[in-house]
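Please look over the sequence and the model, then read on by topic.

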Amino acid sequence: MELAVAALKSLLPKLATLLRDEYKLQKGVRGEIRFLNAEMESMQASLSELSKRPAHLITDLDKLWARDLKELSYDIEDSIDKFMVRVDAPAKQQSLKGFRKFIHKIGLVRNIKTRHQVAEDIDAIKIRIREVADRRARYMVQDGAAQPDSSVAMDPRMPVLYEDIKKLVGIDDPAEKLTNLLMQGEGVQNQKLKVVSIVGVGGLGKTTLANLVYQRLKGQFMCQAFVSVSLKPNMNKIFSSILRQVSGKEDPSAEQWDHTEVINRIRQILKEKRYIIVIDDLWDESSWISIKCALIDNDLGSRVIVTTRNAGVARSSCSGISGTMYELGPLSDTDSKWLLYKRIFNEEEVIPPELEEVLNKILRKCGGIPLAIITIASMLASTKQNKVRMVWCI
């Protein structure tokens, strides 16, 4: 899912670039490109909503649709790249300057063969867009026709909590910033309950970052808790988990208690203790409002970390309290390259020069999203060396 989101994220700016005046496209072609841009923006919005679901609620049909969109985005981007190369980089154009260069570029764009090829590409792409949409509509299962497997027990974020710190890439700077937001301050104000909400799209590593800082800081607090909320939270389990962790005692009957009773027990324990609690994967404001009832401000310098994909939820968790939003961005080009390489090649292995271009293209498609890079790297790492270039180019 993250690969498809990254592909669309990479494509949309290029579609916008084609509409700039410098390309002097015919009105009809410009209209077609606006149509493609609007279609891909709608698909990106739909994919973004779909990516917010927990992994076990994403159907096989959803995954096939996301795969089709990813491949379609790649093909559109390839067509745009080829067109731009023909317009922007002819060999003899490098020797032209000023007005002659401008006239030369206009002549290239208006070349009949180029215009004809662009029009043909757009027609073919429009047909594929309709095919992708129609195929999904034909086989769409109505809500309620099939229920997800309720036997799923393992939280898909669990492996993140046990990731070897040495394998993490590009985490040091965000971890330092988050730590400073949590711990810096002086005087009475620093003793107030402070909330820092990490916000960003799926796959950026919000849970990884929150857990890393939590593990580093929890020794400075008298009690700690780490809970995951998810799209459809079971508040009884969440409250009982917080109670079990902050009290250090197991009470199986706690899940059967009334919310008010559990919240009162949690508040009683936290009243005279400095605590740090991570509320991971928060989806809606109503869940935060409920959880917030248990978080007493005891003027002991307690801290809460929230992770969410929703900026509105992040703002809500920071309002009416000493709170700060921390927007987690994608990996830098350097860190993206390092993450991809270390997942595919051994440290002593020499990277084949002929794969450099392919690797750079893969990284552009991933858009700096760690989960996307790791996913595709895992697939490529399992490819036989004698087939690797052919498969990667595909």
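**Cysteines**

- Cys-223 is buried in this predicted model. Its relative accessible area is 3%.
- Cys-293 counts as partly exposed, at 39% relative accessibility.
- How many disulfides does the structure hold? The number is zero.

**The chain as a whole**

- The chain has 394 residues, and buried residues make up 42% of them.
- It contains 16 helices and five strands.
- Take the contacts between residues at least 6 apart in sequence: 76% of these join residues at least 24 apart.
- The accessible surface of the chain is about 21,700 Å². Carbon and sulfur atoms account for 52% of that surface.

**Helix α10**

- Helix α10 covers residues 259-270, twelve residues in total.
- From first C-alpha to last, α10 reaches 16 Å. That is close to the 16 Å expected at 1.5 Å a residue.
- Which residues of α10 are buried? They are Val-262, Ile-263, Ile-266 and Leu-270.
- Viewed down the axis of α10, its buried residues fall within an arc of 100 degrees, so they line one face of the helix.

**Salt bridges: the count**

- Side chains of opposite charge can pair when their charged atoms come close.
- A salt bridge here needs a side-chain nitrogen of Lys or Arg within 4 Å of a carboxyl oxygen of Asp or Glu. By this rule there are four salt bridges.

**Salt bridge Asp-68 to Arg-67**

- The side chains of Asp-68 and Arg-67 meet in a salt bridge, at 3.2 Å from N to O.
- Is Asp-68 buried or exposed? Asp-68 counts as buried, because its relative accessibility is 12% and the cut-off for buried is under 20%.
- Arg-67 is partly exposed, with a relative accessible area of 40%.

**Salt bridge Asp-173 to Lys-177**

- Asp-173 forms a salt bridge with Lys-177. Their closest N and O atoms are 3.3 Å apart.
- Both residues sit in helix α7 (residues 172-183). They are four residues apart there, so about one helical turn separates Asp-173 from Lys-177.
- Asp-173 counts as partly exposed, at 42% relative accessibility.
- Lys-177 is partly exposed too, with a relative accessible area of 41%.

**Salt bridge Asp-297 to Lys-192**

- Asp-297 pairs with Lys-192 in a salt bridge, the closest N and O atoms being 3.5 Å apart.
- This pair links distant parts of the chain, 105 residues apart. Asp-297 lies in the loop between α11 (285-292) and β4 (303-308). Lys-192 lies in the loop between α7 and β1 (194-199).
- Asp-297 is partly exposed, with a relative accessible area of 33%. Lys-192 counts as partly exposed at 28% relative accessibility.
- Which residues form one network with Lys-192? Asp-297 and Asp-299 do, through salt bridges that share partners.

Technical notes:
Residues numbered from 1 in each chain as written. Predicted model: local features only at pLDDT ≥ 70, side-chain atom pairs only at ≥ 80, totals over all residues. Heavy atoms only, no water. Buried < 20%, exposed > 50% of the residue type's maximum accessible area, 1.4 Å probe, protein only. Helix = DSSP H or I, 4+ residues; strand = E, 2+ residues; numbered from the N terminus. Disulfide = S-S within 2.5 Å. Expected span 1.5 Å × (residues − 1). Arc of directions from axis to C-beta. Contact = heavy atoms within 4.5 Å. Areas by Shrake-Rupley, 256 points an atom, 1.4 Å probe, with all protein chains shown as cover.
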